[in-house]
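Dear colleague,

Here is the structure I promised to pass on to you.

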Amino acid sequence: MNEQERRWQDDLRSLEADLDPSTARRLADIRRAALAAPARRRLRRRSWLPPAVGMAIAAALGIWALGPHMLVTPDPMGGSTQPGMDAAELYDQLDFYSWLADTDLDAAKG
Amino acid sequence: MSKLSATVEIISIGAEDLAAGAPEASALISMDKFLATVERRAYAMAYTALRDRDEALDVLQDVMLKMVRHYRHKPPSDWLPLFYRILNNRINDSFRARKTHRRLFGWLGGAATEDERDADPLEQIADPARDTPVERFEQRRRVVALERAVGQLPRRQREAFVLRCWEGLSTEHTAHAMGCTQGSVKTHYFRALQNLREKLEEFRP
């Protein structure tokens, strides 16, 4: 570093010494707050919890809302009783339903 | 150079503390000492670049938070170049944000920096009629001119000059802080010196 660079260095460093007291105080406050931040961060480490709980509730509600459409009643005859079943299919299986009703009636009497 | 040697001393004390145990508390104490040593200079550097007190303080806040959160467990000997690397990046972020702001809201007439608000250069110069020694007055004029000239340097030249001349970092540490090779540091620094010599011709002894 030559003479001129050293003088520039001295001049620039004089700026630090001339810092006004309020700015110096602000800097000290900022430093203290920064040093306290890791401790605060440890306490807030479960900040993921509320969004996770919210997502879980939303997912549960979604499943519940879709539930009746997704449930499939087991058909002993291998047929489908889903709400989407068409009228012709239902008519074909009428014999089965009347047999089932008779069987239930007999069982109730017996 | 006395402040730099004080920094080195603090860094070595910090290293001993870490070795002795209680690493978390020890790291925070060492970091506190380190930041207290560099904060005024770093603020003056940020202010020289940005010419706005609040913006410079915001920059310092972010830099200190980053240092404490992410780098307090790094070896204290790495802190100084790391600190200045973060500072440079943060100052550049501020410049980018200003540019974007100007593009978006320029037509509304954006807020001026403190430097632009207090633009009257005569007000910046101490009143010679006051009971101030001529030497002090001349020195003040020289410092103000130097501060402005440094602030007007191209970004990489400013970074190289601030780190090499103002902070007194080695070429190696400056390269680390700037994220470039030592050859680039030398080039930027040389150009910065040339630039400043031209701008500050009237203050040459």
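**What was found**

Chain B has ten helices and zero strands, where helices (H or I, at least four residues) and strands (E, at least two) are DSSP runs numbered from the N terminus. This is a predicted model, in which local features need pLDDT of at least 70 and side-chain atom pairs count only at pLDDT 80 or more, while totals for chains, interfaces and linings use all residues. Residues are numbered from 1 along each chain as its sequence is written, chains are lettered from A and ligands numbered from 1 in the order in which they are written, and side-chain values use heavy atoms, with hydrogens and water left out.

Of the 205 residues in chain B, 43% are buried, a term that stands for under 20% relative accessible area, with exposed meaning over 50% and partly exposed in between (1.4 Å probe, protein chains only).

Turning to the interface, 44 residues of chain B are in contact with 30 residues of chain A, contact being heavy atoms within 4.5 Å. The two chains bury about 3500 Å² between them, 60% of it on carbon and sulfur atoms; buried area here is the accessible area (1.4 Å probe) that two parts lose on being put together, summed over both. Arg40(B), Leu57(B) and Trp166(B) supply 17% of the area that chain B buries against chain A, more than any other three residues.

Five salt bridges are counted between chain B and chain A, a salt bridge being a side-chain nitrogen of Lys or Arg within 4 Å of a carboxyl oxygen of Asp or Glu. One of them joins the side chains of Arg41(B) and Glu16(A) at 2.7 Å, N to O. The largest share of the side of chain B that touches chain A, twelve residues, comes from H2(B).

Within chain B, Glu55(B) forms a salt bridge with Arg98(B), whose closest N and O atoms are 2.9 Å apart. Glu55(B) lies in helix H3 and Arg98(B) in helix H4 (residues 79–105), so this pair ties together parts that are 43 residues apart in sequence. Arg98(B) counts as buried, at 18% relative accessibility.

A salt bridge is also found between Arg90(B) and Asp62(B) (2.6 Å, N to O), and this pair links helix H4 with helix H3 of chain B across 28 residues. Arg90(B) counts as buried at 18% relative accessibility, whereas Asp62(B), at 32%, counts as partly exposed.

With best wishes
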